[in-house]
Amino acid sequence: MIYPYKDVFPTIDESVFIADYVTISGDVTIGEQSSIWFNTVIRGDVSPTIIGKRVNIQDQCTLHQSPNKTLILEDDVTIGHQVILHSSVIRKNALVGMGSIILDGAEIGEGAFIGAGSLVPPGKKIPPHSLAIGRPAKVVRTLNEEDLKDMERIRQSYVEKGQYYKSLQTK
């Protein structure tokens, strides 16, 4: 379901795949070839949410904001199943693992990997190309070539799956 909030409608590129039982409301922008998977909620009723190109937001995620704190997901980001994002910044090519929570003012650096089940507290900055895990999340190492290739594989597979499912919706 797509809802306006106070006469502000989401802006969603026509190439975006939106699965069944997704709710998107208010000041939300979603870029081309992104995919929003089953049972996800993206509410733009407090501040804007900006989602870049080729971003995948997997099943059962919740995206929201605090007043005057935009939620930003740059291009080519992967958000795993059941992630909660709140007024944070997720930089290009980053991956947030399943069940993680990223809170207000946190910034996930370009190409960083947040391990499954992690909690990134308010204001925490995770450096680019690093692996952070835990509650609270701590950087444990720099990502290697194998990690980066796997993250790229995941990103690309979601672009392909999203576009496949999108093609079924238009038939």
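Modeller: Let's start with Glu74, Arg91 and Glu107, which are linked in a network of salt bridges. This is a predicted model, where local features need pLDDT of at least 70 and side-chain atom pairs count only at pLDDT 80 or more, while totals for chains, interfaces and linings use all residues. Residues are numbered from 1 along each chain as its sequence is written, and side-chain values use heavy atoms, leaving out hydrogens and water.

Biologist: What makes the pairing of glutamate 74 and arginine 91 a salt bridge?

Modeller: The term asks for a side-chain nitrogen of Lys or Arg within 4 Å of a carboxyl oxygen of Asp or Glu. For glutamate 74 and arginine 91 the N to O value is 2.5 Å, so the pair meets that rule. Glutamate 74 sits in the loop between E9 and E10 and arginine 91 in the loop between E12 and strand E13 (95-96), so parts 17 residues apart in sequence are tied together. Those E labels are strands (at least two residues) and H labels are helices (H or I, at least four residues), both taken as DSSP runs numbered from the N terminus.

Biologist: Which salt bridge does aspartate 76 form?

Modeller: Aspartate 76 pairs with arginine 54, with the closest N and O atoms 2.7 Å apart. The two are in distant parts of the chain, 22 residues apart: aspartate 76 is in the loop between strand E9 (71-73) and strand E10 (78-79), and arginine 54 is in the loop between strand E6 (41-51) and strand E7 (56-57).

Biologist: Why is aspartate 76 called buried, but arginine 54 partly exposed?

Modeller: Buried means under 20% relative accessible area, exposed means over 50%, and partly exposed is in between (1.4 Å probe, protein chains only). Aspartate 76 has 13%, so it counts as buried, whereas arginine 54 has 24% and therefore counts as partly exposed.

Biologist: Where do serine 88 and serine 130 fall on that scale?

Modeller: Serine 88 has a relative accessible area of 0% and is therefore buried; serine 130, at 4%, counts as buried too. Serine 88 is in the loop between strand E11 (84-86) and strand E12 (89-90), while serine 130 is in strand E19 (residues 130-133).

Biologist: What does serine 88 touch, leaving out residues up to four places away in sequence?

Modeller: Contact means heavy atoms within 4.5 Å, and the partners of serine 88 include Thr70, Leu71, Ile102 and Gly105. With the same exclusion, serine 130 is in contact with residues including Gly111, Phe113, Val139 and Arg141.

Biologist: What makes the meeting of threonine 49 and glutamine 65 a polar contact?

Modeller: That term needs a pair of N or O atoms within 3.5 Å; within protein, one must be able to donate a hydrogen and the other to accept it, and residues adjacent in sequence count only if both atoms are side-chain atoms. The side chains of threonine 49 and glutamine 65 are 2.8 Å apart in this contact, so the distance is inside the limit. Threonine 49 is in strand E6 and is buried, with a relative accessible area of 0%.

Biologist: How do you know that the span of H1 agrees with its length?

Modeller: The expected span is 1.5 Å times one less than the number of residues. The 25 residues of H1 should span 36 Å, and the end C-alpha atoms are 36 Å apart, so the two agree.

Biologist: What stands out about the backbone at proline 136 and asparagine 68?

Modeller: Most residues other than glycine have a negative phi, and most peptide bonds are trans. The bond from arginine 135 to proline 136 is cis, with omega near 5°. Asparagine 68 has a positive phi of about 60° although it is not a glycine. Asparagine 68 is in the loop between strand E8 (62-64) and E9, and at 78% relative accessible area it is exposed. Glutamine 82 also has a positive phi, near 60°, but it is partly exposed, with 49%.
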